[in-house]
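Hi,

Here is the structure I said I would pass on. Have a look at it first, and my notes on what turned up follow below.

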Amino acid sequence: VAVERAEASSSSSRVIGIDATRMDPLEYHTFIQGDVSKKETTQQLMKALGDSRADLVLSDVAPVLVGLKEEDHLNSMMCCL
């Protein structure tokens, strides 16, 4: 959906996806397999962006929940940093 909405096939728009789980390649889409909290993944993203800046960021980042209210809350907050 993001590739279609960004009209990446007919414009200078680009879609870059990051996930820990491998995915099949898509046209007009750059995929980085990694953890967004790791420096290596951030470096790959910066390399993919080059001199450009992101106009939009979509995220489905979520922590692993352990069932302890305070710990789950803190892990959730870390996703925002």
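Before the numbers, one definition: I call a residue buried when its relative accessible area is under 20%, exposed when that value is over 50%, and partly exposed in between. Keep in mind that this is a predicted model. On that scale, buried residues make up 12% of the 81 residues in the protein.

Now the overall picture. There are three helices and two strands, and going along the sequence they come in the order α-β-β-α-α. The radius of gyration is 15 Å, well over the 12 Å that the globule rule gives for 81 residues, so the protein is more spread out than a compact globule. The C-alpha trace spans about 50 × 25 × 25 Å along its principal axes. As for contacts with a separation of 6 or more, 17% of them are between residues 24 or more positions apart. The accessible surface comes to about 7200 Å², and carbon and sulfur atoms hold 53% of that.

Thr41 sits in helix H2 (residues 39–49). Is Thr41 buried or exposed? Its relative accessible area is 6%, and because that is under the 20% cut-off, Thr41 counts as buried. Setting aside residues up to four places away in sequence, Thr41 touches Ile18, Ile32, Gly34, Asp35 and Val36. Beyond its neighbours within four places in sequence, Ile18 is in contact with Phe31, Ile32, Gly34, Val36, Thr41 and Leu45.

Thr41 and Cys80 are 39 residues apart, and their C-alpha atoms are separated by 16 Å. For Ile18 and Ser76, 58 residues apart in sequence, the C-alpha to C-alpha distance is 18 Å.

Next, the charges. The protein carries 8 positive and 13 negative side chains, with the centres of the two sets 5 Å apart. How many salt bridges are there? The count comes to one: the side chains of Asp24 and Arg22 pair up at 3.7 Å, N to O. Both Asp24 and Arg22 are exposed.

Asp72 is the one I would like you to look at. It lies in helix H3 (residues 69–78). Asp72 is buried yet has no salt bridge, and the nearest side chain of opposite charge, that of Lys69, is 10 Å away. Leaving out residues up to four places away in sequence, what does Asp72 touch? Its contacts are Val64, Leu65, Val66 and Gly67.

Last, some backbone angles. Most residues other than glycine have a negative phi. Glu7 has a positive phi, near 50°, and is placed in the loop between helix H1 (2–5) and strand E1 (15–19). Tyr28 is not a glycine either, and its phi is positive at about 60°. You will find Tyr28 in the loop between E1 and strand E2 (29–33). With 44% relative accessibility, Tyr28 counts as partly exposed, because that value lies between the 20% and 50% cut-offs.

Let me know what you make of it.

Cheers

Key
Residues numbered from 1 in each chain as written. Predicted model: local features only at pLDDT ≥ 70, side-chain atom pairs only at ≥ 80, totals over all residues. Heavy atoms only, no water. Salt bridge = Lys/Arg side-chain N within 4 Å of Asp/Glu carboxyl O. Buried < 20%, exposed > 50% of the residue type's maximum accessible area, 1.4 Å probe, protein only. Helix = DSSP H or I, 4+ residues; strand = E, 2+ residues; numbered from the N terminus. Rg over C-alpha atoms; globule rule 2.2 N^0.38 Å. Contact = heavy atoms within 4.5 Å. Areas by Shrake-Rupley, 256 points an atom, 1.4 Å probe, with all protein chains shown as cover. Lys, Arg positive; Asp, Glu negative; His and termini not counted. Charge placed at Lys NZ, Arg CZ, Asp CG, Glu CD.
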